[in-house]
Amino acid sequence: MAFDRLTDAILRHLRHDGRISNADLAQKVGLSPSACLRRVRMLEKDGVIRGYRALVDERSVHGMTTVIVQITLERQTEECLRRFEARVRECADVRECYLMTGDADYLVRVEARDAADYERIHKEELSRMPGVARIQSNFAIRTVVQR
């Protein structure tokens with residue numbers, strides 16, 4: 001699908017409010033509802049829109065704390081990266097994981113109940129992942145922006 005100003009506008013509005021009705025979205029971007037729906041369906045089919053989800057304030061619901069973890073591997077070979085990524089996908093405590101440039105190889109977002117819970121995650125999960133050489137953890141004080 002070719003990206004133009006209408007497609008960009010659709011994506012911008014859906015990022016802001018994934019529950020917007022098709023009629024409201026169509027009005028905001030200046031399309032008919034049927035043309036708007038065709039574009040959205042095409043973006044979904046092409047994998048540009050991968051899904052819709054609720055942003056949950058884990059602290060309000062479960063008293064969870066966000067921990068941002070930088071992980072450095074012993075080696076950055078394709079095999080080491082593949083093994084680490086396969087294991088991190090299995091870890092239920094990991095909410096997000098990014099392959100990075102810079103000092104650390106991966107940036108991982110973990111949700112923990114408290115420091116003791118994070119210690120468990122660190123000892124039983126993160127430090128046992130294949131190829132991990134160094135782990136640096138930072139506890140978030142509060143969320144400023146979450147989109």
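Guide: Four strands make up an open sheet, in the order 2-3-1-4, with antiparallel pairing; strands (E, at least two residues) and helices (H or I, at least four) are DSSP runs numbered from the N terminus, and two strands pair if DSSP finds at least two bridges between them. Strand 2 (94-99) and strand 4 (132-139) are at the edges with a single partner strand each, so one side of each has no neighbour in the sheet. From one strand to the next, the twist averages 20 degrees.

This is a predicted model, where local features need pLDDT of at least 70, side-chain atom pairs count only at pLDDT 80 or more, and totals for chains, interfaces and linings use all residues. Residues are numbered from 1 along each chain as its sequence is written, and side-chain values use heavy atoms, leaving out hydrogens and water.

Strand 1 (residues 65-73) is joined to strand 3 (residues 106-112) by seven bridges, and valine 69 stands opposite valine 108 in strand 3. Helix 5 (residues 78-90) lies across strand 1, strand 2, strand 3 and strand 4, where contact means heavy atoms within 4.5 Å. Helix 5 runs at about 165 degrees to strand 2; axes are lines fitted to C-alpha atoms, for helices over the stretch in contact, and angles run from 0 to 180 degrees between N-to-C directions.
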